[in-house]
Amino acid sequence: MCIRDSMEAAGGDLEGLIKKLKTIKYHSKLDFSSSDFEIDDSGISTYHAVIDALERYEEGGHLYPSADVYVYTANIGRLLGDMDASMDLVSKAIRVEPKNPNAWYLKGILFDTFGKIEDALRAYDRTLKYDEGNVRAWLRKGRLLEDLGRSKDALKAYRKVTELDSENLDAWEAMGNIY
């Protein structure tokens with residue numbers, strides 16, 4: 001089955017749903033934070049409609065060609081508490097675009113949420129392999145290393161944060177707490 005057939009299997013509405021999904025406004029954006037997250041019933045319905053349309057699209061044997069669509073949808077699902085679906089979506093994003101740092105970053109957050117700290121660290125390392133300047137990934141990596149009692153390694157991560165963003169108070173505070 002070709003991609004055109006996959007779109008028809010998805011009801012031809014996938015593109016429209018994706019556009020609608022991207023109009024959902026929520027405070028966290030790609031910060032991947034759940035603070036101040038609010039989504040109305042229409043946004044929740046759109047999220048579920050996109051999930052359904054992606055599944056119909058994939059029945060044709062193809063993944064949707066945009067990793068960012070999977071990442072964006074996965075992040076909304078995560079913020080809604082739909083963790084298993086989010087992990088599935090972010091894994092598909094990585095299959096579509098293996099070097100997508102946002103996909104690896106979100107995968108790290110999900111692993112951390114599931115308590116899989118070593119897997120989270122590996123995901124953050126992949127994030128940093130493809131986006132060495134990702135301050136959020138360095139900061140999260142530092143926090144995990146600190147939680148594991150690996151203070152020297154955590155300090156290295158926090159120092160990298162301050163090299164990239166000399167005014168990052170979270171990194172300065174974390175280093176102060178270690179010393």
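Predicted model: local features only at pLDDT ≥ 70, side-chain atom pairs only at ≥ 80, totals over all residues.
## How the helices cross

A crossing is left-handed if the near helix is turned anticlockwise from the far one by less than a right angle. Two packed helices are described by the angle between their axes and the distance between the axes.

## Helices α5 and α6

Let's start with helix α5, covering residues 83-96, and helix α6, covering residues 101-113. Their axes lie 9 Å apart, and the packing angle is about 150°. Angles over 145 degrees count as roughly antiparallel, and α5 and α6 are therefore roughly antiparallel to each other. The crossing of α5 past α6 is left-handed.

On the α5 side, the contact is made by Met83, Ser86, Met87, Val90, Ser91, Ala93 and Ile94. Helix α6 brings Ala103, Trp104, Leu106, Lys107, Leu110, Phe111 and Thr113.

## Helices α9 and α10

Next come helix α9, residues 151-164, and helix α10, residues 169-178. These axes come within 9 Å of each other and cross at roughly 155°, so α9 and α10 are roughly antiparallel. Here, α9 passes α10 in a left-handed crossing.

Which residues of α9 and α10 make the contact? From α9 they are Ser151, Ala154, Leu155, Tyr158, Arg159, Val161 and Thr162, while α10 supplies Ala171, Trp172, Ala174, Met175 and Ile178. Nine of the residues in the contact of α9 with α10 are nonpolar, two are polar and one is charged.

Terms used. Residues numbered from 1 in each chain as written. Heavy atoms only, no water. Axes fitted to C-alpha atoms, helices over the stretch in contact; angles between N-to-C directions. Helix = DSSP H or I, 4+ residues; strand = E, 2+ residues; numbered from the N terminus. Parallel < 35°, antiparallel > 145°, perpendicular 65-115°, else oblique. Contact = heavy atoms within 4.5 Å. Nonpolar A, V, L, I, M, F, W, Y, C, P; charged D, E, K, R; others polar.
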